Structures are given as C-alpha cells and as structure tokens.
Amino acid sequence: MNQIKISNALKFAFLAAAILVSGIAISAQSDASQQNKIGRAGTFAIVGARIVTVSGAVIENGTVVIRDGKITAVGVGAAIPSGAERIDGKGLSVFPGMIDASTNMGLAEIPQGANATMDVQEVGTMNANAKAITGINPHSSHINVTRVNGITTVLSHPTGGTVSGQGAVINLNGARQEDMAVVPVHSLVINFPRVTGGGGGFGGGGFGGGQQANFNDLIRRRDEAVEDLKKTFREVEAYAKVVEAYQKDKSLPTPTTSLRLEAMIPYVRGQKPIVFTAERERDIRAIAKFVADTKVKGIIVGGQDAWKAADELKKNNIAVIYTNIYGLPVQQDDPYDYLFEAPSKMLAAGVKFSISTGDTGAEARDLPYHAGLAGAYGLGKDEALKAVTLYPAQILGIDDRLGSIEVGKMANVVVADGDLLDPRTNIKYVFIGGRLIPLTSRHTELFDSFKDRK
Amino acid sequence: MRKTTVFLTIVSLLMISPTLLVGQSKGDLLIKNATVMTATKGTLEGTDILVQNGKIARIGKGLTAGSGVRTIDATGKYVTPGIIDAHSHAMVSAINEGSLAVTSMTRIDDMLNPSDISIYRALAGGVTGALLLHGSANPIGGQSTTVKFKWGRPVNEFPVAGAPPGIKFALGENVKRSSSTPQPGQTPRYPRTRMGTMEVIRDAFIRAREYKQAWDDFRAKKTRVQPRIDEELQPMVEILEGKRKVHCHGYRSDEHLNILRIAEEFGFKIGTLQHGLEAFKIAPEIAKHGAGVSIFADSWSYKLEAYDSTPYTGYVLWKNGVNVSINSDSAERIRRLNLDAAKMMKYGGVPEQDSLRMITLNPAIQLGIDNRTGSIDVGKDADIAIWSGHPFSSLSLCEMTIIEGEVYFDRAKDKTMREQLAKEKADLEKLEMNRAPGSGGTQPRVPTERDRGHYSHGDEDGGHER
C-alpha cells in the first residue's frame, strides 16, 4: 500500500497502530495469504479524482469517502474523516465496480477435460432447487482475475435442462460463499422451450438428421413444452396451497415435501425474477406471452433479437441481459455488426438492458470491452458504461446497494488511470464492500514467478 | 424448412454481392490527412499516403494524385497496416485428417472456400491476411497456406505469391485425443501420450532423412533405382532443408522445449510456436532457438493445459527479444485483434508500436511476407486499415480495409447496401421455389455443413476435433 499517502504524521501513527492491532487479530484466525486475498477494511478517502458517478454528473477533482463498507461522502471538498487513509486521485478516475449479470463464476473452473471442476449443470431437466450459492468455489482463480479488472459483482447461475436452478448475486470477494453473497438465492433460470428440430444451426430452424419435420410441427412441439411448463407452474401453486392449508389446519393430511416445487414458489408467485434464456424473436415473444399469462417477473438472458420484440418486452416489463457481443451473427446474411449493434437498437426501442459476458468465468474480465464494442457500434460511451454498472444493478434489483457512486451504497469502487472501457487502462485500486483488494491473481503470481527467468 | 432454401439463395446472393462492394480502382488511392501508425517509424500526424499499382508509393504531407484517383479524406482517422492473423481456419472446413498421426501430405490449398462469410467479417475488423492452418488432431497436420482476404476475387488470387510454405505440427491434449474416448472395440490412435507424440515426430524426421538420403544417393548416381515419390515425406524433407516453416501448436512449456530440441537435433529452426500458453516460462530458450511465438492475447482456463497461463506472456516474450504475434484461431476473435494488441500495453507495458507490431509486422515476419506487407512503408503492398479513432480503444471501429490499394471493406458502403440486400432477400423468399413446405413447397435438401457461428472458448482446434 505504498501508494497511499497519509495526510499527516499523527494519522500515520494512528493508522500504523490500527494495522498492527488488526494484523495480530487476523493472524490468529487464518493464514496471512488468505487474509491478503480478501483485502482489508478501513476508512479511505480518494481525493482529487474524476468521479464518474454514472447515476449523476461527472465530478471533477472530487473526493469519495469509504467507511464501514459503504460510500459515505461524494463530492468536491467532501469532509475527510480523521484517520482515513488518503489516496491521491490526481489523474485517476473513480467508477462504480462493474456488474456482470450472466456468468457461471465459481461453478466452472476448466470446462474442457476437467469435469471434476465443473458444477454448472445438474442431471435431469427440473432442478429448481439447485442453488448456485452452494456450488460456487470462493477460491476459484477466476474470481481474482476478474475483479482486478474492475468487475466486482456477478450473477452466477447454473445452466442446462429446462429449469436449471437458482443463481446467486455475489461480490467477487470472500473466503466463504456467505461472505460473497449479495443476494444468495436471486433468480430462477429457465431454458424456455424453443422452436427447434434438434438439429441446431440456422437459427434454430430445425433439421433433424434425415428427419423431415414440418415447421408447423416444430411450433406445435414448442407449444406443448410451454404447456408442460405452465402445468409445472400450476403444480407449484397447488403445492403451495396444500402446504399453507396444512400450516393453518394441522388436521389436514401432512403434505409430502418436494424441494423442487418448494423452490419455485416465490418465482411462480412473481416475488422473485425468472431469468429466461432466449435469442430469437419468436422465442422472446413466446416468453413475453408466458410472462403475461403467468404474471411472473421475467428477465431475458441472451437477447440477440430482443430489439425486434421491444413492444412485448416493454409491455410486460421484461429487461434483457445481453450476452452476445463476443458472438457471431447466426445468419450468414445478417449484417456483420448485427450483434455489436443490438444494444443500441434496444436503447432506441426503449428496452431495458445490460451488457454481460455470459462467460463461464475465466473471460468475464473482458466485460468492459464487450461494453466498449457496443459503444463503438452506436451505443455511445456513456450508455455503454451504464450497461455494465447501473443497468445490471437495476435489472437484478440491487440498485439500492450497487451500480453507481452514491452516498449510502455499498463501497464497490474502482479507481483507474483512464477510461474504464479501454483495454489500455490500468486499474489502480479496487474496493469491494469497502475492503481494499490486493491487485494480485493467478496471473500476476505466474508473471512474478517467471518474468525475470534468465 | 423454408429457411434452408432461403439460406441457399442467400449464399448465392452473397457470392455475387462482394463484387459490388469492391471499388473500381486498380490499386491507385490517395489517403489524406490521417494519423498514420506505421509499425516501423512511429505515428505520423496529418499524413497522406499515396498508393500506386497496389503499392505504397509515397508517405508525406500535401501529396497529390492524378485525376480520377480515388481520394479518401481521413481527417480525424487512424491508419494502421492491415492486421495479419498468424493462426486462422477461415476459408476451410474439415481441418483435421485425424485417421493418421502424420498427414503431411494434406494441403489447406485443396479446400479454400472464397465465399466463407468469415472472410468479410475479418475484413470488417481490419484484417487483410492470415495463415490458414490445419487443426491440431495430429502431431504432424498438413501444409498451410498464407492468404490475403481478397473477398469477391477468384480463389486463386487469395494465396500470397512467394510466401514460404508452412506446415502445422501439434502437441499436447488435442493430439492425444484427450477429449475423445474410443468406442468399445475401437483401437485408440497412436499417440495417446506426450511421450508418443514426440516419438511420432522423431520417427517422421528419421524417415524423411533416410528418404532424402535415398534421393541424394540416386541423384549422385550411387544407386541405380529411382526411389518412389513419397507425398508424406516430401514436405518433411523441405522442413529439413529449411524451405518449409513449422508452425507448432502447443501449450505446455515442456512440450514446446521438446519440439525445439527435436528441431535442433535435426538441424532446422521452428518457425512459430502456436498458442504458447506457457511460453512465458521458457522465453530465454525460445529466444535462443530463434522461433517466433504466436499467442492468444489472454485466453486461458478453457482446458487443463491452458490453466497455467497469463496475459503477461506477450510482455515476457517481448522483453526476451522473441518475435511475438497475437492470433485469433477463431472466426469471432479475428474481428477484434486490435483490442487484443491493446491488452499488451496493459499487461506488462509493451510500448504502443511494439504492441501494434504484434498484429501486423511480427506475424508478417513469422509468415515470411514482411518484405511486402505488415507496415506502412514505401514500396510495400498497400494493405491498410482505416479506423474511426485510435485502434486500441474499444470505442473505435474499422471503417475501411484496403488490400493492395483496393477497398475490400467500406463500412459506409456496407450500410447503404443493407436495404438493397434486404429487398433482394425478400424478393427471393417470394419465389415459388422458396415456398414453405408447410404451404405446398418442396422439402429442401438438408445441408451437409452447418454454420460455425457460435462462440467457443479458446482455440477452435479443440472445438473442431472429431
């Protein structure tokens, strides 16, 4: 922490004593390297920086104070509490930590050839009770690699099957799953039935090997699968009623507990969001109809063609977690920049969206460049930044705590020497939950081990 | 099912349309008032580039061209050399002849597809040339081809004349067929270990050496019977003679070192180590051997042998004086190699020009075509990308891509053509032959190949294994 300048000798003495005391306390609990990885708490003042609040105007030469895990002051000449560690913000910019609203962070270490490290997909099709928060490895090497590039919070969720399980919103810091959790059980992931003949390719148009399925048959098959899903939803409602009735009147037969059905109750009742995976317009429209019919809270993840279904999405208050910047247009005759431009089209059509990586975890640190590319292709720099900070916070329902530099919010704060979305920019400081995080990772450790080898 | 027919007609439409995109010039151009990142002599502000007969004729201020020569106002824009990708599978499918471990007789040249849409998408990312390689199923894959992406031109105009021939080698997980379990009753293909992989390669070189000796003896009239021509060993002899560059896929530092040792044993130099995820561990040895390394900027963790990697690899190799290029190995990633180069400035701090070289001059050197492309210098081919802003900013985009003075990608033109293409497509869809089977049309033929339009992690070689 040699970059931190202490304002005067008295504060330095106070601080040194504080570090010494906390250091002693910490070493009694766990080994030093582990403590190092979760950073350290304190009162910090970033002084004289450009503050990109995202929710409001940019503040030049301002101060941000972090205390007790929260942002406690923002502005020009904000009072610096006595004992605060002072960070010289000259030439630096302060941003809210970025949020990646679709990943498998901590659930997937090495996808190819190391199945033992994969906890993304359960067996079977109905896995509502599978919870990401019980599978996330807090010590995955992807976590440090991601956060040192300014991404501080992610939605990590299971995939596969029809009902994949429940995702968790986590901060990228903590020795235990519960320390990371922002919303430990956040949303239910459903792979919404789509029009496909099982052949893949060609926009899900469906060509089974030698199977000459008629398009109308494929639509019918999809509709049947949707009806099955609705039936499951009705079962969940019936199950909830039976359990509630029994709780009121114990003379009724004791209901058999079903973890799968129980897990779905808050979602079927519209109390928590369902994340539906979909790319094509017809599938997105089908989801909008399903949301309208069942009165659930819906979010789309994927969303290649979402802008084409803007009317239905807006009518049903469905936002889009867009994960296709690093994707290729599906149709050969799609414009080459079709997927780069989609966010700007969603903006123009009034669809609420975030830009996310959809990555298993290792490459989630590229989130700012996903946003930058969308920025170049019509979205513009300011909206691009919002799409990886405030907008995902709003879509995930955590904007009361995260997504901008505002007093009272959790101190997930990034300090950089340039534009956050530019690959040349260096991240100088990262705070998560008010803790100052070391900028080390598996990558810096490997670099340090070999950089001077002769 | 109507989609297939539409698809087929669209493909034919695409084969016509590129010619419409190409300008009418014959390699004469004047680019005015650009910020020129030369890759050899720093960045020149407010500079003009005069192109004549496809070559860069002059670089300077206040240049003029004859009447009728297209002038491009590049005020506020950046110009770089066209990007060169030293590891691509564009234009080819079925990249692995996995039935044998040594398939040096196979040739990428035999299957080039000039209408692969990934060519156009690469051009739209400022890419003008690439090394097209086989996959990595075999220790010795096949003969590579160096091309320029002359979208809309006949296929024979794509290969770069005079480019030294190359060959793909591969080591590690893909070669061992780690991710394919043999079916019951099926004999696994040799090799199944890194040990076996090295022996297959050593054996091939020994056979090549003996084959060469047989021919040398015959030519020197020491023997009377002409040896039989061996298509497998001919290219191996060219390697031994230093006439064919080896581009060797690998991940672990030990396997990279072993292939360098084999090359030293047989008296030749490795052209490039491809991928080199652990190359940072053995940078001094690579520098001493004199091999280039073509890396992913920062891919990692998608498979076991990619776990011990770091985005600082480019920096460590650069610091050791190794020629480093950054490749895509992907139809998706090839579109944003400019941002991959930018990452080299962040991870370790490679200077700007040296970072730019990693996607321009350095791959040109690795492919042996730096005498004619890879930098903005007088006398070189006018292979040029024009960017809306600094090419290392994620907020910039490629506006125009030029090969030998001809415009092969023009964003403004692309945008104006979209309406016309949409109308053509709508008209085609209305044709009787495209009527949906559901409404009485005939069932379309099931296509034998599918679009590779999906994001995949890491190297496509792995993803393409069969």
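**Chain B**

Of the 466 residues in chain B, 53% are buried, a residue being buried if 20 or more other C-beta atoms, placed from the backbone, lie within 10 Å of its own. Chain B holds 12 helices and 16 strands, taken as DSSP runs numbered from the N terminus (helices H or I, at least four residues; strands E, at least two). Among the contacts in chain B with a separation of 6 or more, 72% join residues 24 or more positions apart; two residues are in contact if their C-beta atoms, placed from the backbone, lie within 7 Å.

**Basis of the model**

This is a predicted model, in which local features need pLDDT of at least 70 and side-chain atom pairs count only at pLDDT 80 or more, whereas totals for chains, interfaces and linings use all residues. Residues are numbered from 1 along each chain as its sequence is written, and chains are lettered from A and ligands numbered from 1 in the order in which they are written.

**Helices α5 and α6 of chain A**

In chain A, the axes of helix α5 (residues 215-248) and helix α6 (residues 259-268) come within 9 Å and cross at roughly 100°; axes are lines fitted to C-alpha atoms, for helices over the stretch in contact, with angles running from 0 to 180 degrees between N-to-C directions. α5(A) and α6(A) are therefore roughly perpendicular to each other, the term covering angles of 65 to 115 degrees.

Helix α5(A) contributes Phe233(A), Glu235(A), Val236(A), Glu237(A), Tyr239(A) and Ala240(A) to the contact, and α6(A) contributes Leu261(A), Met264(A), Ile265(A) and Val268(A).

Notes
Parallel < 35°, antiparallel > 145°, perpendicular 65-115°, else oblique. Buried ≥ 20, exposed ≤ 12 C-beta atoms within 10 Å, placed from the backbone.
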